[in-house]
Amino acid sequence: METTTNSTHYKVTRKFTSGILEGLEHTEISTVSFPVGFECKQPIGGSPYVITECKPAPAPKIRLVCNECGRKFSVSPNAADPQCPKCGGVDWDVL
Ligand SMILES: [Zn+2]
């Protein structure tokens, strides 16, 4: 498995502490690391939250569709020349 410094992603879980989303948790893959326990009291356009979890995660895959056969497949964002797993085509679009 190849690792590069510019492709580090984090799984970040935040818990909303007040507002209409109070008590709800939201998990996302982020390229930014947050310290656990970090409290954002006045986010722009959102409800206040606290970071409850932050750990390294694999980069999200990119979804592609083959222009040759229509097959949908996903590849690592680090893949240099993605190929269709069905027909081997290299003519594709990002979904
Ligand atoms: Zn194909």
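**Close-up views of a predicted model**

**View 1. A hairpin made by β5 and β6.** Let's start with a turn: β5 and β6 form a hairpin, and five residues lie between the two strands. Look in that turn for G70, which has a positive phi of about 85°. Please keep in mind that this is a predicted model. β5 covers residues 62-66 and β6 covers residues 72-75. The two strands pair in the antiparallel sense, with four bridges between them. To find your way across the pair, pick out V65, which stands opposite K72 in β6.

**View 2. An open sheet of four strands.** Here you can trace an open sheet whose strands come in the order β2-β1-β4-β3, with antiparallel pairing. Which strands stand at the edges? They are β2 (25-30) and β3 (39-40). Each of these has a single partner strand, so one side of each is left without a neighbour in the sheet.

**View 3. β1 beside β2.** Now follow β1, which spans residues 9-16. Six bridges link β1 with β2, and the pairing is antiparallel. Two residue pairs make handy landmarks here. One is Y10, which stands opposite S30 in β2. Another is K15, whose bridge partner in β2 is E25.

**View 4. β1 beside β4.** What joins β1 to β4, the strand of residues 49-57? Eight bridges do, and the two strands run antiparallel. As a landmark, find R14 and look across to I51 in β4, which stands opposite. While you are looking along these strands, here is a general point to remember. In a regular strand, side chains alternate between the two faces of the sheet.

**View 5. Two domains.** Stepping back, the domain assignment of the protein gives domain 1 as residues 8-57 and domain 2 as residues 62-94. The centres of domain 1 and domain 2, taken over C-alpha atoms, are separated by 33 Å.

View 6. S76 lies in the loop between β6 and β7 (92-94). How many other C-beta atoms lie within 10 Å of S76? There are 15, and S76 is partly exposed. Leaving out residues up to four places away in sequence, S76 touches A59 and K61. For a sense of distance, compare S76 with P43: the two are 33 residues apart in sequence and 31 Å apart in space, C-alpha to C-alpha.

Methods. Residues numbered from 1 in each chain as written. Predicted model: local features only at pLDDT ≥ 70, side-chain atom pairs only at ≥ 80, totals over all residues. Pairing = 2+ DSSP bridges. Domains from an automatic or database assignment. Buried ≥ 20, exposed ≤ 12 C-beta atoms within 10 Å, placed from the backbone. Contact = placed C-beta atoms within 7 Å.
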